[in-house]
Amino acid sequence: MRQDGLLASDGQETRRVLLDREVALDLARLVGSHYNWSECLDVLNLLLEIRGDPNASKTQPATQQAGSQSADPHVLRALLQAVLSPRFAGLPERRLAGLTALQMIADYDMLRTGPDYLASNIRTCGFVSNKHSLQRLVSRISQKSLSRSEKFELALAHARCLQPDECVDLLAAIPDLTPEQSIEIRMALCAAYAEKAQYNQALQQLEQLEDGALWKDVQTFDKQATVFHSRINAVHATALALTPRQPFTYYYHTLASAHCSPRFTDRQPNVPELFDALAASVRTDVAPERRRRLGLSSSLYHCGCAVYTMCAASGRHAKLSLADLRTQLHGQQQDLVHRVTAQRHSTVTGLDHAAALLRSYLWALVFTLRMDATKRNRLAWDELVHAESYVPGFKMSAMVLEPALVLMIPRSVWTAAQHGGFKGNSAFMLADDALNSVHNQPTYGHGLRLAKLAAAASTDCDHRLYPLRIFLAMTQGQDAHALTIAQESLASPQMRVSPGTLALENGRTTKFFEQLTLSLSMFRQGADLAVTQVRMLLQSQFRDISLTERIAACLLYCCVRARSEPVAHSILEGLERQGIALTPRIQELYMRTCVRAGQMPRALALFHRLHFEGRATLVSEPTFACFIDYTAEQRESLVGAEHAFDAWLRIADFQGRVTATLVRRWEELGMTRESKATANAFLPKVPLDEALESAGVKRANKGTRSNKQFLRHGEFRMVVSLICAYVTSGQLSRAMEWEQWLLPAVQKGKLHMTPDLASCLARLMCRHLEHAAWDHIKCALDILVALDHNTGHNRALTKQVYLLSLQQAYASLAACIQRCDPVKANAQVRSYLQQHQIAYVFDFVEKR
């Protein structure tokens with residue numbers, strides 16, 4: 001169990017009291033009758049620390065009865081029954097209680113024998129919602145030999161493992177359920193349907209639960225508390241299921257809502273109205289003190305945070321505001337502090353409850369995308385500081401640092417994820433565009449302080465922070481630091497204390513490796529580490545983690561960056577051995593790897609297979625950019641770059657996705673003479689329109705699905721990639737023709753500039769500055785002039801928001817000046833920048 005040091009002060013007095021068996025049993029019954037899981041953790045931890053300590057008997061008073069030995073099986077069994085009580089089964093924290101129960105079973109070797117060991121094992125599987133463990137357990141026994149109570153527990157477990165149909169089938173074979181059993185099964189089915197976003201079916205179970213005839217002569221349950229908690233849990237679970245699944249938000253969701261896409265949920269209920277009616281009913285029918293004692297106040301607060309989060313993320317209206325949630329948070333914290341300080345001894349602190357309250361508010365902040373990023377981060381930091389100073393003993397754990405770090409993710413990452421990227425099986429993954437466009441982003445507010453706190457919390461072995469820290473380090477352009485974090489994550493202990501529980505959990509899960517490899521794919525050293533060390537770990541030490549399509553995609557991103565075609569090919573072979581179909585996303589990522597590895601014939605063969613054979617899966621813009629960038633980086637002929645750009649433009653125009661101004665510009669400038677004289681290897685042998693139509697691609701009118709402004713961001717990146725190819729191949733005049741069309745639009749604000757687009761232009765500047773000639777230097781300075789006018793002409797280019805995006809360009813400009821005649825080049829650059837009123841940029845370059 002956790003070592004919180006709760007016995008540091010006044011420990012002997014507490015130990016003496018809890019060594020009394022009757023006191024321990026009374027506390028176990030108190031835990032089982034509670035309605036707030038996080039408030040019980042301290043008491044539960046104390047009981048297990050003392051009653052489970054084999055050395056506790058050495059300090060046991062001589063007058064102590066022999067029956068109250070430490071590790072008393074009666075006390076431990078009572079504690080296990082309390083953890084697996086029906087009250088916790090009806091709360092969103094059910095899985096946390098189940099994990100704690102599993103740890104107790106493992107620590108104290110419980111449930112291997114005894115009259116109810118099978119029923120308790122089945123119940124534990126249901127609490128943790130582990131249908132695979134439940135199936136393995138059931139496969140070892142014959143259902144005909146099950147007792148009536150064991151069959152009932154099996155039906156309950158199926159409902160809690162989100163298999164309500166199997167539950168209903170089993171219940172048909174169990175006649176004459178007791179009222180208590182009927183109540184518990186209705187609670188379980190209601191929660192199962194709600195977690196699967198089937199609110200109408202959940203509502204039917206609620207109506208049966210509220211039936212007065214069901215509660216006749218029932219003493220075990222409090223009707224008011226049970227009904228209201230079930231209603232709150234149903235609304236809470238439905239809100240989670242309808243919340244978009246964004247990058248790095250996996251641990252916000254439940255196991256069910258993580259796999260329930262709101263895009264495919266029919267007849268969605270009006271969750272805000274349901275919550276408003278529920279909150280009004282609770283406040284009308286339940287007195288304030290009883291609300292607090294029954295845990296309804298805190299449950300209603302958590303539910304309100306989830307409903308607000310769903311509305312903020314999906315653009316719906318909610319009466320509840322962020323200010324209301326903040327007021328409720330402070331009210332809950334004040335109540336907690338009052339109850340803790342009112343106790344005679346400071347043994348029970350309620351830190352888990354305080355962390356759970358703050359965590360819900362921080363997740364609500366994460367999804368408030370319309371608020372200014374700086375303001376969001378300031379609000380988050382203020383609440384972290386307030387909790388640390390106001391709640392006695394509060395510490396920055398991974399439970400609250402995780403959402404605080406997610407707040408630091410650049411907004412462009414979320415925008416790209418909302419627009420899609422690869423469709424299908426892409427939940428919680430970074431969108432394809434974001435992987436190559438979020439480097440050198442600003443740190444908002446208190447990001448550096450949060451990073452230090454997260455580094456300290458990661459030493460407690462909470463692995464969910466490592467991928468986030470790597471990703472955020474990469475957004476700052478700190479490749480070396482990101483690599484250090486990655487190596488630290490692989491060397492850290494495998495087991496960790498799961499937040500909100502007393503259980504040790506394996507941190508090296510499938511989700512951990514997905515997020516780790518995806519973050520490592522953003523830089524070359526990380527990609528090399530992934531295709532060597534991480535891949536070998538998966539093959540040798542973690543064979544229980546199968547190669548899924550999602551892990552394969554993340555590893556393939558690393559193969560693209562590392563230019564490792566043999567590893568990519570072995571990943572495809574591994575998927576085929578497991579009988580997993582090679583999806584279009586997998587094939588496209590393999591095609592990019594072939595491009596980056598210089599195997600163009602194989603890449604073109606894959607390109608034609610995806611586009612024109614069978615049902616077409618159109619290749620994404622980043623893949624076309626990959627073709628263009630490869631020719632530029634390898635100093636290949638310009639033919640391949642122009643052919644790739646032409647193929648992309650024609651295919652996208654067929655779908656109506658290209659802005660009309662870009663089509664006109666391409667028609668005006670066209671391809672070079674050499675490209676026109678060479679057959680385009682990207683196009684089919686038959687006419688393009690005919691090939692696309694035969695492959696099932698729908699034609700659209702020109703421009704109907706395009707940006708009505710100047711250019712889409714994806715189009716902008718494609719144009720910049722083409723210009724880079726021109727610059728690298730020595731076609732300066734043609735590059736300037738494109739720049740003379742692009743830069744005035746940037747300067748006049750026709751294109752909203754973002755840090756990732758500024759990084760794109762910085763790459764073009766570096767290409768120019770490689771030549772160290774005045775014509776190229778002047779083109780690079782023209783880009784700075786356009787950026788300055790676009791961003792407000794107020795020293796924006798040396799402020800943090802654009803400084804990180806342009807720092808590589810500034811370094812290249814300083815190096816270029818040194819390669820030329822430094823005195824003459826200095827004078828020319830300074831004079832040119834002064835002429836355009838942005839001399840402040842040169843002052844910064846001079847410092848480099």
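Let's start with the second largest cavity. Y35, P86, R87, G90, L91, M187, F221, A225, T226 and H229 line it. A cavity here is a set of points on a 1 Å grid over the protein atoms alone, where a 1.4 Å probe fits but cannot get out, and lining residues have an atom within 4 Å of a point. This second largest cavity holds about 60 Å³ of space. Volume means the space filled by probe spheres set on the points, with grid points joined across faces, edges and corners.

A word on the source. This is a predicted model: local features need pLDDT of at least 70, side-chain atom pairs count only at pLDDT 80 or more, and totals for chains, interfaces and linings use all residues. Residues are numbered from 1 along each chain as its sequence is written, and side-chain values use heavy atoms, with hydrogens and water left out.

Back to that lining. Helix α5 (86–89) and α13 each supply at least two residues. Of the two, which gives the most? α13, with three residues. Helices are DSSP runs of H or I, at least four residues; strands are E runs, at least two; both are numbered from the N terminus. By class, the lining has six nonpolar, three polar and one charged residues. Nonpolar covers Ala, Val, Leu, Ile, Met, Phe, Trp, Tyr, Cys and Pro; charged covers Asp, Glu, Lys and Arg; the others, Gly among them, are polar.

Now the largest cavity. About 120 Å³ of space lies there. Its lining has 14 residues, with P92, E93, S298, S299 and H302 nearest the centre. The largest share, four residues, comes from α13. By class, count five nonpolar, eight polar and one charged. Across the whole structure, the search finds eight cavities of 30 Å³ or more.

Next, the surface. M495, V497 and L504 form a nonpolar patch, with about 240 Å² of accessible area together. Patch residues have over 30% relative accessible area and no salt bridge, and nonpolar side chains are joined within 5 Å. A salt bridge puts a side-chain nitrogen of Lys or Arg within 4 Å of a carboxyl oxygen of Asp or Glu. Areas are Shrake-Rupley, 1.4 Å probe, with only the protein chains shown as cover. L504 sits in strand β2 (residues 504–506). At 45% relative accessibility, L504 counts as partly exposed. Buried is under 20%, exposed over 50%, partly exposed in between.

Last, A455, in helix α22 (residues 447–458). A455 is partly exposed too, at 25%. Its C-alpha lies 10.0 Å from that of A398, 57 residues apart along the chain.

How values were computed
Patches are made of residues with over 30% relative accessible area and no salt bridge: like charges are joined within 9 Å, nonpolar side chains (Val, Leu, Ile, Met, Phe, Trp, Tyr) within 5 Å. Buried means under 20% relative accessible area, exposed over 50%, partly exposed in between (1.4 Å probe, protein chains only). On a 1 Å grid over the protein atoms alone, a cavity is a set of points where a 1.4 Å probe fits but cannot get out, and a pocket is an open set with protein on both sides within 12 Å along at least five of seven lines; lining residues have an atom within 4 Å of a point.
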